[in-house]
Structures are given as C-alpha cells and as structure tokens.
Amino acid sequence: MFEAHKEQRILEDVRTMIAGIIGQDVDLNDREIALDTSFNRDLELESIEFVVLSEQLQNRYGREIDFAGWLAGKELQDIINLRVGDVVRFIEQCH
C-alpha cells in the first residue's frame, strides 16, 4: 500500500513537470498523463524538453536522480519506447 502511494505521488510530480514543460506547446486537456503514456508517441517530447525534465527531477529529488545518465545507458529503441511509468519506477528505485 505504501509503495502504491509513493508511486502515485511520484507520478503526480512527474505529470506536473511534464505539463509545465510542454503545456504551452501541446493541449493537455484531452490527454491524461499516466504510467503508460509514451514520451515519444503520446507527448512528442523533444530532446531539449528531456533536458529540462532532467533538471527538474534533480531539483525535486536530489542529485541521486541522474536521469541523463540513466537515459545514456539505454538503447535508442528503449528511449523511443520510454513511458512515464519507466521514469516513475526509476525515481522509486533511486529514492
């Protein structure tokens, strides 16, 4: 139960960050950002927006959240298929 609550809290943080990053470029009113939301297909996140997300994650959770390093260790296809839930689970594992 505690883990589900923690996951939901992190999801809400990530959702707020993403909405702030792309909210001006994309109408999020008809989209829900959930664990299965794809950064590429659903949100069309650009690389510079990943950089901003990385900075915001470190500001929120601290230096142990090396999002850029985590992404650098992934294959291109894994990055293309990256979902919000993958980032949430990464944060859970680091925190």
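Q: Why is Glu 12 called partly exposed?
A: Its relative accessibility is 37%. Buried means under 20% relative accessible area, exposed over 50%, and partly exposed in between, with a 1.4 Å probe and protein chains only. The value of 37% falls in between, so Glu 12 counts as partly exposed. This is a predicted model: local features need pLDDT of at least 70, side-chain atom pairs count only at pLDDT 80 or more, and totals for chains, interfaces and linings use all residues. Residues are numbered from 1 along each chain as its sequence is written, and side-chain values use heavy atoms, with hydrogens and water left out.

Q: What makes the meeting of Glu 12 and Arg 15 a salt bridge?
A: Their side chains come to 2.6 Å, N to O. A salt bridge needs a side-chain nitrogen of Lys or Arg within 4 Å of a carboxyl oxygen of Asp or Glu. The 2.6 Å value is within that limit, so the pair qualifies.

Q: How far apart are Glu 12 and Arg 15 along helix H1?
A: They are 3 residues apart, or about one helical turn. Helices here are DSSP runs (H or I, at least four residues; strands are E, at least two), numbered from the N terminus.

Q: How do you know that Asp 13 and Arg 60 form a salt bridge?
A: Their side chains meet at 3.2 Å, N to O. Asp 13 sits in helix H1 and Arg 60 in helix H2, so this bridge ties together parts that are 47 residues apart in sequence.

Q: Is Asp 13 buried or exposed?
A: Asp 13 has a relative accessible area of 17%, so it is buried.

Q: Where does Arg 60 lie relative to the ring of Tyr 61?
A: Arg 60 lies over the face of that ring, 4.8 Å from its centre. A charge sits over a ring if NZ of Lys or CZ of Arg is within 6 Å of the ring centre and within 35 degrees of the ring normal.

Q: What makes Arg 89 and Asp 86 a salt bridge?
A: Their closest N and O atoms are 3.2 Å apart. Both residues lie in helix H5, 3 residues apart, about one turn. Arg 89 is partly exposed at 38%. Asp 86 is also partly exposed, at 27%. The structure holds 4 salt bridges.

Q: What makes Phe 67 and Trp 70 a tilted pair?
A: The centres are 5.9 Å apart, with 35 degrees between the planes. Both residues are buried. They are 3 residues apart in helix H3, about one helical turn. Phe 67 and Trp 70 also belong to one aromatic cluster with Phe 39, Phe 50 and Phe 90.

Q: Which residues touch the most other members of the largest nonpolar core?
A: They are Val 14, Phe 39, Leu 57, Phe 67, Val 84, Val 87 and Ile 91, out of 25 residues. Helices H1, H2, H3 and H5 each supply at least two core residues. The largest share, 7 residues, comes from H1. A nonpolar core is a set of buried Ala, Val, Leu, Ile, Met, Phe, Trp, Tyr and Cys residues joined through side-chain atoms within 4.5 Å.

Q: Why is Thr 37 called buried?
A: Its relative accessibility is 4%, so it counts as buried. Thr 37 is found in the loop between H1 and H2. A polar atom of its side chain lies 2.7 Å from the backbone nitrogen of Ala 34.

Q: What does Glu 92 touch beyond four places in sequence?
A: Glu 92 touches Glu 3, Lys 6, Glu 7 and Ile 10. Contact means heavy atoms within 4.5 Å. Glu 92 is found in helix H5 and is buried at 15%. Glu 92 and Lys 6 are 86 residues apart in sequence, yet 7.8 Å apart in space, C-alpha to C-alpha.

Definitions and conventions: A polar contact is a pair of N or O atoms within 3.5 Å; within protein, one must be able to donate a hydrogen and the other to accept it, and residues adjacent in sequence count only if both atoms are side-chain atoms. Rings of Phe, Tyr and Trp (its six-membered ring) pair if their centres lie within 6.5 Å; planes under 30 degrees apart count as stacked, over 60 as edge-to-face and the rest as tilted.
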